[in-house]
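Dear colleague,

Please find the structure below. My notes on it follow.

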Amino acid sequence: MLAVPAAGAGATPGARLDAEDHRFLEELQRASSRFFEEQTHPQTHLVSDRASATGGPRKGKASIASSGFALSGWTIAVERGWVTHATALERVRAMLRFLAREAP
């Protein structure tokens with residue numbers, strides 16, 4: 001088991017996570033990462049705020065909130081080894097290029 005300390009220096013452990021907890025968190029993190037991959041527009045790299053019930057891309061408008069979360073999500077995906085640094089960097093650059101040059 002891994003102890004997760006509470007906030008603050010010298011704090012006592014707040015919760016203990018067992019192997020099942022870690023598997024659940026890994027699965028949740030991977031699913032979250034997949035959401036950003038699946039809901040990212042191929043040209044603008046902006047991200048929809050929700051998926052269709054089938055999990056596929058949803059037609060409609062992108063969300064600036066989801067797009068912002070994607071920026072941090074891609075860095076986590078790189079750290080976890082789910083995408084390459086080059087892939088994440090290109091996604092970030094493409095989104096920022098679109099926002100700077102083409103977004104209304």
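Which residues form a nonpolar patch on the surface? They are F24, L25 and L28, which together have about 270 Å² of accessible area. Such a patch joins nonpolar side chains (Val, Leu, Ile, Met, Phe, Trp, Tyr) within 5 Å, from residues with over 30% relative accessible area and no salt bridge (a side-chain nitrogen of Lys or Arg within 4 Å of a carboxyl oxygen of Asp or Glu). L25 lies in helix α1 (residues 19–38) and is partly exposed, with a relative accessible area of 31%.

This is a predicted model, in which local features need pLDDT of at least 70, side-chain atom pairs count only at pLDDT 80 or more, and totals for chains, interfaces and linings use all residues. Residues are numbered from 1 along each chain as its sequence is written, and side-chain values use heavy atoms, with hydrogens and water left out.

The protein contains 3 helices and 4 strands (DSSP runs: H or I of at least four residues, E of at least two), in the order β-β-α-β-β-α-α. Of its 104 residues, 24% are buried (under 20% relative accessible area; exposed is over 50%, partly exposed in between; 1.4 Å probe, protein chains only). The accessible surface of the protein is about 7500 Å², with 57% belonging to carbon and sulfur atoms (Shrake-Rupley method, 1.4 Å probe).

The average pLDDT (the predictor's confidence in each residue, from 0 to 100) is 84, and 80% of the residues score at least 70. Confidence is highest in helix α3 (residues 85–101), at a mean of 94, and lowest in strand β1 (residues 2–5), at 55. Where pLDDT is low, predicted coordinates should not be read in detail.

Kind regards

Notes
Patch = residues over 30% accessible without salt bridge, like charges linked within 9 Å, V, L, I, M, F, W, Y side chains within 5 Å.
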